[in-house]
Amino acid sequence: MPCALFTATSSPMNYPLFHLDGLGNPILIAIIAVVHVLINHPLAVGIVPLITLLEWRGWKTGEKTWDELARKVLFVVFIITTTFGALTGVGIWFSTSLVNPDAIGSLIRVFFWGWFTEWIIFVVEVCLIMAYYLTWKQWTMRRELFAIPLGPFGVWRVRPKVLHMLLGLVLSIFSWLTMAIIVGILGFMMDSGHWLDEPDFVNGFLNPLYLPQLLFRTPFALMGAGLVVLALVPFFVKRDDAVRSRAVRLVSLWVLYWLAWLVGGGLWYWWEIPGSMVGNLPVALTTQDFTDWHDEVLWTLGAAVGAIALVGACGALRPRFMTTLPGTVALVIPILMGMMLLGTFERVREFIRKPYVIKDYMYANGLRLEDYPLYAERGLLASATYADHTGIDGPPVEVGEKVFMIACSRCHTVNGSFSVRHRLERMYGTDKPWQAATIDAYIKGMHNVRAFMPPFPGRDDERMKLAEWLATLGPPKEIGNRQSAFANSSEGGIQ
Ligand code: HEC
């Protein structure tokens, strides 16, 4: 399948702009995506193998409590994943295609068959989870064997409970496969690897970050599942039931085991992240206002991992204590820590990729690197199919706002989150009017000063008009001095 995405002669910007001032476009995507990952990783991917393990334990020991615990946890999983999980998954599609249609368009062109396969697997997964949950009670009680015809191999006689556990195992594999496909696409956005030289599906999918990220997310999902079950055990197993402390012990060991893998996978992943992105980390973790807090934030994240390990160790070594009131309360801490870690990780991953949405191919403003010369020559507004093309010769301030929408609004709002006004106030103060010429000079080199921002796209006159509009966001000029700032300053000075 050819991966040339646009022809140079067509208009590269084919979609109207969607802009949320206030909340901001990145925050819209972030909220939906983080909620989705918080549900998906532990509950859709990681927990089914653990539920199957609990079920197997019940079958092995003949203790009904294990089986009941497993079934009740599955009920919670079933409800949450098929409602919030599925809705936020679709929500990611809606929000990203609204905010950055060209980026999603590019990804679909490269990964069409990946997503196609993932969708089929997802549908099978939903059918399997329904079958796994709905057959639970019947197949646990049923005594007669199932006779499954195997064609030339005769008939397979199997106990219903064994078949049910096999169903859990198959479901585990299918759930993991959906993640294993999506991670290929997420890795590609951070590091497109050889794809730029040879743009085909395999080169894009097997990007340098694919395996490390998979080896990070898989144990995260499995460990996260353990954290969820630890918090649920007190609700589903009575305090005087001897199985309660044994369940806490088994799940704690599970958590510790996957935590070790997680640390290993995390280090590998960290090692592979391109150096340019690592430089973005302080701002990614805290935003520019709080970069001084970088170390504190890192310590907090480390402490969160420590807290999970500590509660896991208590659960493994002193499971009886975990059935007392303080112990029960302690069981809730790891899940809160896990949510914070996963949320932070997703936010940082989204951020450090900047200024790109697809590394070396497309900036986060949705504009391709190779179209930049075209914008510099033809103009940004003239290249935007849905912009008002007649406005290009209109009053500078109106043109400037349109340019802002195309060049800056994927990341900034005017007054809301990542507000450009607030950032300019930080730079130029609020006590005197801002000079358009100064702002213009800043925009010209903004990608050098702040490596997370793409260079300004478009013609010089568009950049100046943007600067003029930005200057109007600052303190008002004195009466009688309201002419264009460019008229007052020498044009040559800002070239
Ligand atoms: C890829 C996303 C992205 C795009 C596109 C983008 N910016 Fe930024 N910009 C950022 C981020 C992130 C920050 C730092 C935010 C913070 O304060 O934590 C920033 C900071 C700024 C600052 C403050 C810089 C400083 O040194 O403190 C200004 C001014 C600014 N942007 C203006 C613009 C203008 C004007 C445009 C459009 C021409 C633009 N940005 C496009 C992401 C972007």
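Predicted model: local features only at pLDDT ≥ 70, side-chain atom pairs only at ≥ 80, totals over all residues.
## Helices H5 and H7

Let's start with a helix pair. Two packed helices are described by the angle between their axes and the distance between the axes. For H5 (residues 160-190) and H7 (residues 210-236), the packing angle is about 140° and the axes are 9 Å apart. H5 is therefore oblique to H7, and it passes H7 in a right-handed crossing.

On the H5 side, the contact is made by Trp176, Met179, Ala180, Val183, Gly184, Leu186 and Gly187. Their partners in H7 are Tyr210, Gln213, Leu214, Arg217, Thr218 and Ala221. Sorted by class, this contact of H5 with H7 holds eight nonpolar residues, four polar and one charged.

## Two backbone details

Most residues other than glycine have a negative phi, and most peptide bonds are trans. Here are two spots to look at with that in mind. The peptide bond from Lys354 to Pro355 is cis, its omega being near 10°. Pro355 sits in the loop that runs between helix H13 (333-352) and strand S3 (356-358).

Asp360 is not a glycine, yet its phi is positive, at about 60°. You will find Asp360 in the loop between S3 and strand S4 (362-363).

Key:
Residues numbered from 1 in each chain as written. Axes fitted to C-alpha atoms, helices over the stretch in contact; angles between N-to-C directions. Helix = DSSP H or I, 4+ residues; strand = E, 2+ residues; numbered from the N terminus. Parallel < 35°, antiparallel > 145°, perpendicular 65-115°, else oblique. Left-handed = near helix turned anticlockwise from the far one by under 90°. Contact = placed C-beta atoms within 7 Å. Nonpolar A, V, L, I, M, F, W, Y, C, P; charged D, E, K, R; others polar.
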